[in-house]
Amino acid sequence: MAAAFTRRRVLAIGAAAAGLSLLPHRLLRAEGVPVRVWRGVALGADASLTIAHPDPAEADRLIALSLEEVSRLERVFSLYRADSALCRLNRDGRLEAPPTDLVRLLAQAAAFGRNTGGAFDPTVQPLWQLYAGHFTRPGADPAGPPAGAVRAARALVDVRALRVEPDRIAFGAKGMAVTLNGIAQGYITDRVTERLKAEGMEHVLVDMGELRALGHHPSGRPWTVGLADPADPDRTITTLELADGALATTGGYGTRFDAAGRFTHLFDPASGACAAHWQAVTVQAPDATTADALSTALSVVPEDRVPAILAAHPGVTARFTHPDGRILRLPA
């Protein structure tokens with residue numbers, strides 16, 4: 001099996017530019033302003049919190065409060081905890097008295113599906129299971145799963161067959177399953193940001209798999225975010241500024257099923273094939289849920305479909321890296 005299933009982060013806080021260091025739970029100073037930084041993992045992705053606060057003890061309390069929220073939401077959305085609400089839904093095909101957050105996020109996911117012409121679809125989990133199962137078998141055909149198996153898995157992909165009600169969630173067909181990996185990190189980032197805002201925080205950078213800035217850097221300038229090179233994700237290729245907004249990047253290189261990188265986690269819901277239109281897509285949006293979902297959706301569509309999707313989401317900008325390295329920014 002290729003070393004394919006590690007979810008690489010494609011964004012990193014520009015520590016040098018911001019005057020910060022991403023170290024676990026350490027008190028730093030950004031141009032005289034005390035800053036508390038925590039780093040860990042959320043939903044399998046690298047995560048961090050950067051909080052500007054004059055009282056270290058209060059900053060620690062806010063970090064603990066944020067991590068409690070993350071833990072609560074992981075019990076809802078995780079695909080790797082057998083007791084999570086999402087795992088129980090996928091196992092049983094239905095879920096009675098579902099958590100409010102699951103109902104809310106699935107409703108948002110369905111809306112993104114409609115507004116992207118089906119490019120975003122949380123019911124692609126059967127395709128993930130098919131490709132992951134194929135490439136983990138010894139002697140797997142490097143050409144990928146058989147066409148018939150892809151068609152069968154694709155037949156289970158349709159968010160319109162997902163019935164979401166406040167008191168019950170159910171699949172319309174046996175064998176359906178949901179993944180929220182293309183939107184849940186953004187949702188958790190938003191919930192943590194809102195929790196900190198309710199506590200009176202004004203200068204925060206939250207990264208729970210995707211990034212959202214509350215206010216500016218405590219110096220008064222925007223937060224600085226480093227963007228990884230899709231060809232070498234350990235290298236920062238450029239920096240972007242972020243203030244009172246969110247940013248998310250999706251790239252097929254983040255999770256590869258095969259060593260050659262021909263097959264990745266970016267599935268075209270319409271065909272069941274792995275999309276390869278772009279090396280990476282970075283989206284800036286007012287909130288992290290939107291940035292996360294749209295970076296996922298735009299990653300699986302060709303260039304001619306991009307303008308209509310962006311037109312349906314005012315206030316969103318996107319940066320596309322072509323397979324040959326060329327950069328496209330839209331709106332231009």
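The model is predicted, so local features need pLDDT of at least 70 and side-chain atom pairs count only at pLDDT 80 or more, while totals for chains, interfaces and linings use all residues. Residues are numbered from 1 along each chain as its sequence is written, and side-chain values use heavy atoms, with hydrogens and water left out.

Start with helix α2 (residues 56–77) and helix α4 (residues 100–115), whose axes come within 9 Å and cross at roughly 65°. Axes here are lines fitted to C-alpha atoms, for helices over the stretch in contact, with angles running from 0 to 180 degrees between N-to-C directions. α2 and α4 are therefore roughly perpendicular (the class for 65 to 115 degrees). In contact terms (heavy atoms within 4.5 Å), Arg72, Leu73, Val76 and Phe77 of α2 meet Asp101, Leu102 and Leu105 of α4. That set divides into five nonpolar, no polar and two charged residues.

Now follow α4 to its other partner here, helix α7 (residues 184–198): these axes come within 11 Å and cross at roughly 125°. On the α4 side we find Asp101, Arg104, Leu105 and Gln108, meeting Ala184, Tyr187 and Arg191 in α7. This contact splits into three nonpolar, one polar and three charged residues.

Finally, look at helix α8 (residues 288–298): 11 of its 11 residues are buried, so α8 is largely enclosed by the rest of the structure. Buried means under 20% relative accessible area, with a 1.4 Å probe and protein chains only. Aspartate 287 caps the N-terminal end of α8, with a side-chain oxygen 3.2 Å from the backbone nitrogen of threonine 289.

Key
Helix = DSSP H or I, 4+ residues; strand = E, 2+ residues; numbered from the N terminus. Parallel < 35°, antiparallel > 145°, perpendicular 65-115°, else oblique. Nonpolar A, V, L, I, M, F, W, Y, C, P; charged D, E, K, R; others polar. Buried < 20%, exposed > 50% of the residue type's maximum accessible area, 1.4 Å probe, protein only. Polar contact = N/O pair within 3.5 Å; in protein donor to acceptor, adjacent residues only side chain to side chain.
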